[in-house]
Amino acid sequence: MNFLLKAARVIDQKSPFHHKTVDILIENGIITDINTSIKAKNGCEEVQLENLHISQGWFDSSVSFGEPGYEERETIIHGLDVAAKSGFTSIALNPNTFPVTDTSASIGFLKGKSQNNAVSLYPIGALTMKSEGIDMAELYDMQQAGAIAFGDYKRSIQNPNLLKIALLYTQNFDGLVMSFPQENQIAGKGMVNEEEQSTLLGLKGIPALAEELQIARDLFLLEYTGGKLHIPTISTTKSVALIKEAKSKGLQVSCSVSVHHLLLTDTALVSFDSSYKVLPPLRTNSDIEALQQGIKEGTIDMVTTDHQPMDIEHKNVEFDNAKYGTIGLESAFGVLNKILGPEKTISMLTNGASVFGIENNAIDIGIQADLSLFNPEGNSVFTKEHILSSSKNSAFIGKPLKGNVYGIVANKKIVLK
């Protein structure tokens, strides 16, 4: 199908049409014309939306669904529809399925299940078999099947020699290794940030040191081996400083921060609402300030929703027994736009693609249309009615949003809310 986007303001610093309001003609998935005014051809669907803005398609580097194994949390097809209506044209899918995504066959299943969808699904393969941290998985075979990176979701690599070998081995095929930043012996049985709030609430704490010690170790290993390392969802002031120093040395290290760590502090835990039980745990105001500064200065490469649907049986229980995780796709743009403004928000939602080896072309005539559609203006409050996911475990209910997502144009399809 062909589409004509009317009066769309382009937000793309790499595009010659940046900050221009134009009509965009898309035929058979390709942008064939960009001009101040284009007349719709026969059989062309005209799309006219209030204060329409477009950017390169957004990429989320950490998304969990459930299928296979936990379909009650979220299926692949429904999850991709949620991603599309949240403005994302591509997502990296975590390997925390059952069975764990640790073979080329499991990568092939995910790729096959997501075929012909508007949203492109890029699987992350487990770094170790069953994500148990003992034996390295079939990394090269998974890469050949379509895996874009390798990591054990929310499970740190406790054996430093295993990470060393992985960093060395993946250099043979330019692979990207992911290492979750938590030293488990330091974290112990903690579940929230070890600070004043954990003491007041009587909850066992995870000190910032648990994250920082693991990152320091991993960066030492990276300096020794070379290779490419991605550290997902950092959350502390010192973590930003450590990665900034590593980058100044020329190490190939990237990192992400989740949306909730840019907005919420551990003071939210006073309600004992398990929606706020996330890993890494919510930290302090000073950590939020450091993370936001890390975004502004370029130390933090991307923002992720770290979208983790969890069924009610695992969330509507005592805080100690609840599973970690919050959904975040639906609220991501509105929260980030409120915090960072539209230009920086778009940058942080598109930068990650290149880190993971995914092409993201500037908006211009002749390229394949891979676009996110949104309105950066207007204030609202996120409510349960905004939730599109099958699971409803959102930490953002009641939080202020700015702007609205319309949908996407990608893979020769258009998806609108």
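Student: Over which ring does the charged end of Lys277 sit?

Tutor: A charge sits over a ring if NZ of Lys or CZ of Arg is within 6 Å of the ring centre and within 35 degrees of the ring normal. Here the charged end of Lys277 sits over the ring of Phe319, 5.6 Å from the ring's centre. Arg73 is placed in this way over the ring of Tyr70, with its charged end 4.1 Å from the centre.

Student: What kind of model is this, and how are residues and atoms counted?

Tutor: It is a predicted model, in which local features need pLDDT of at least 70 and side-chain atom pairs count only at pLDDT 80 or more, while totals for chains, interfaces and linings use all residues. Residues are numbered from 1 along each chain as its sequence is written, and side-chain values use heavy atoms, with hydrogens and water left out.

Student: How many aromatic pairs does the structure hold?

Tutor: Rings of Phe, Tyr and Trp (its six-membered ring) pair if their centres lie within 6.5 Å; planes under 30 degrees apart are stacked, over 60 edge-to-face, and the rest tilted. The structure holds ten such pairs. One of them joins Phe333 and Phe374, which are tilted, with 5.1 Å from centre to centre and 50 degrees between the planes.

Student: Why does the pair of Phe333 and Phe374 tie together parts that are apart in sequence?

Tutor: Helices (H or I, at least four residues) and strands (E, at least two) are DSSP runs, numbered from the N terminus. Phe333 belongs to helix α12 (residues 332–340) and Phe374 to strand β16 (residues 370–381), so their pairing ties together parts that are 41 residues apart in sequence. Phe333 and Phe374 also form one aromatic cluster with Trp58 and Phe88.

Student: Are Phe333 and Phe374 buried or exposed?

Tutor: Buried means under 20% relative accessible area, exposed over 50%, and partly exposed in between (1.4 Å probe, protein chains only). Both Phe333 and Phe374 are buried. Ala84, in helix α1 (residues 76–85), is buried with a relative accessible area of 2%. Phe109, in helix α2 (residues 104–113), has 36% and is partly exposed.

Student: Which side chain does Thr305 join through a polar contact?

Tutor: A polar contact is a pair of N or O atoms within 3.5 Å; within protein, one must be able to donate a hydrogen and the other to accept it, and residues adjacent in sequence count only if both atoms are side-chain atoms. The side chain of Thr305 joins that of Asp60 at 2.4 Å. A polar atom of the Thr305 side chain also lies 3.1 Å from the backbone nitrogen of His307. Thr305 is in the loop between β15 (302–304) and α11 (312–315), and counts as buried at 2% relative accessibility.

Student: What is the phi of Asp306?

Tutor: Asp306 has a positive phi of about 50 degrees although it is not a glycine. Asp306 lies in the loop between β15 and α11 and is buried, with a relative accessible area of 3%. Lys412, also not a glycine, has a positive phi of about 65 degrees. Its place is the loop between β17 (400–410) and β18 (413–416), and Lys412 is partly exposed at 48%.

Student: Where is the cis peptide bond with omega of about 5 degrees?

Tutor: That bond joins Phe98 and Pro99, and Pro99 is in the loop between β7 (88–93) and α2. The bond from Leu279 to Pro280 is cis too, with omega near -5 degrees. Pro280 sits in the loop between α9 (260–263) and α10 (285–297).

Student: How many residues line the largest pocket?

Tutor: On a 1 Å grid over the protein atoms alone, a cavity is a set of points where a 1.4 Å probe fits but cannot get out; a pocket is an open set with protein on both sides within 12 Å along at least five of seven lines; lining residues have an atom within 4 Å of a point. The largest pocket is lined by 24 residues, with Asn96, Tyr153, Arg155, Gln308 and Lys323 nearest its centre. Its volume, the space filled by probe spheres set on points joined across faces, edges and corners, is about 650 Å³.
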